[in-house]
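Here are my notes on the charged side-chain pairs in this model. Please read them with the structure open.

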Amino acid sequence: MGAAEATQPTQAHKEGGGNGLLWVLLAVAAVLAFVHPRAPMDLLKLVDWPTIGALAGLLAITQGVERSGMLQSTAEHLLERTTNLRSLALLLVATSALLSALVTNDVSLFLLVPLTRVLATQAHLPLARLVVLEALAVNAGSALTPIGNPQNLYLWHRSGESFLGFMGMMAPTVGIMLAWLLVAVWLLVPRTPITLKHVEDTGPMQPRLLWLSAALFVAFVVALEHRWLLAGLGLVFGVYLLTYRGVLRGIDWSLLAIIGLMFVDLRQLAELPAIASLLSRWPIDEGWRAYLAAVVTSQVISNVPAAILLDGPVRDLPALAAGVSVGGFGCVLGSLANLIALRLAKLPHGLREFHRISIPFLLVCAGSALLLRLG
């Protein structure tokens with residue numbers, strides 16, 4: 001190797017709650033293979049490979065930034081300037097929501113969840129609660145703009161609305177979600193002083209690795225914008241392979257497997273004749289029925305496939321867009337961002353904590369947005 005690797009210790013990914021969801025998805029895939037057999041190549045075609053590739057590149061770059069020591073230094077400065085736990089939570093949640101509207105929900109999580117995990121190594125913080133609130137924040141904030149998440153991008157192109165017109169359409173629902181998010185932070189995070197931990201020296205900053213990772217991030221985003229995914233992946237993985245191989249060893253490959261299996265399982269479920277028959281019988285073409293159908297369907301097959309599946313039977317685009325946005329809350333499968341947040345945080349009981357907060361949050365947001373539509 002050309003350069004010495006960073007020596008920052010990292011937890012094993014299995015400490016992030018294990019791979020229980022991976023085994024569940026494998027079991028579902030086995031059942032579906034029995035019910036509706038497909039050729040292996042047909043199954044591979046169900047995977048959204050551009051999404052998997054983009055996540056792989058971002059995971060590698062995130063590892064590079066983390067191993068550079070920049071997150072540790074940022075966390076130290078942040079803790080020096082934050083007086084209490086609630087203030088810190090509000091800062092992290094507000095930043096998550098704002099960034100997700102500008103650079104997508106997934107990218108926001110790749111920036112903030114690792115920072116939050118490092119903060120928790122330096123101070124006594126409710127890590128699981130903060131990460132769950134960040135996941136809720138990116139789902140809410142990303143719903144505002146056409147480029148905030150994949151389902152918005154899809155529906156925006158289908159709608160023919162202008163950029164600002166789409167934002168105006170989503171603003172009332174997003175306002176409700178952000179208001180309840182503020183309430184959640186206020187109720188779940190006490191206004192207590194932050195107590196620091198005794199942390200051993202984690203080693204010096206590695207500016208070379210930091211700047212290398214920053215340059216790779218810019219280049220990778222440009223490659224994604226121009227649909228040069230393979231070239232972007234080749235650049236990211238090639239550079240790290242030649243300089244900092246430990247970065248590649250730290251990638252959470254299980255996360256990529258989980259998301260790949262989600263595409264395989266959920267797309268097969270959406271194609272089942274029983275699902276199509278059910279949708280054709282339900283009066284979900286517009287209004288509150290369309291909204292509730294989008295919320296419920298997102299809980300079962302995630303909000304991006306739900307937006308695509310319901311785009312035919314639902315003619316009320318504002319109701320559909322609001323429903324799949326709210327549907328990102330609740331079940332962890334409601335949004336890919338939920339899974340990404342939990343895996344990046346490496347939480348031992350992340351799923352349980354997530355659902356303890358997210359399901360009640362879904363109920364109050366869904367009910368409030370429904371009243372908005374009825375009014």
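1. R343 and D252 are both buried. They form a salt bridge, and this is a predicted model. The closest N and O atoms of R343 and D252 are 3.0 Å apart. R343 belongs to helix α18 (residues 336–345), while D252 sits in the loop between α12 (245–249) and α13 (253–271), so the bridge ties together parts that are 91 residues apart in sequence.

2. R129, E353 and R356 make up one network. Salt bridges that share partners join these residues.

3. R117 pairs with E66 through their side chains. This salt bridge has an N to O distance of 2.0 Å. R117 is in helix α6 (residues 105–122) and E66 is in helix α3 (residues 49–67), so this pair links parts that lie 51 residues apart in sequence. Are the two partners buried or exposed? R117 has 9% relative accessibility and counts as buried. E66 is buried too, with a relative accessible area of 9%. Buried means under 20% here, so both values qualify.

4. R81 and E80 form another salt bridge. Their closest N and O atoms are 3.6 Å apart. The cut-off is 4 Å, so the pair counts. R81 is exposed, at 61% relative accessible area. E80 is exposed as well, with a relative accessible area of 61%.

5. How many salt bridges does the rule give? The count comes to five.

Technical notes: Residues numbered from 1 in each chain as written. Predicted model: local features only at pLDDT ≥ 70, side-chain atom pairs only at ≥ 80, totals over all residues. Heavy atoms only, no water. Helix = DSSP H or I, 4+ residues; strand = E, 2+ residues; numbered from the N terminus. Buried < 20%, exposed > 50% of the residue type's maximum accessible area, 1.4 Å probe, protein only.
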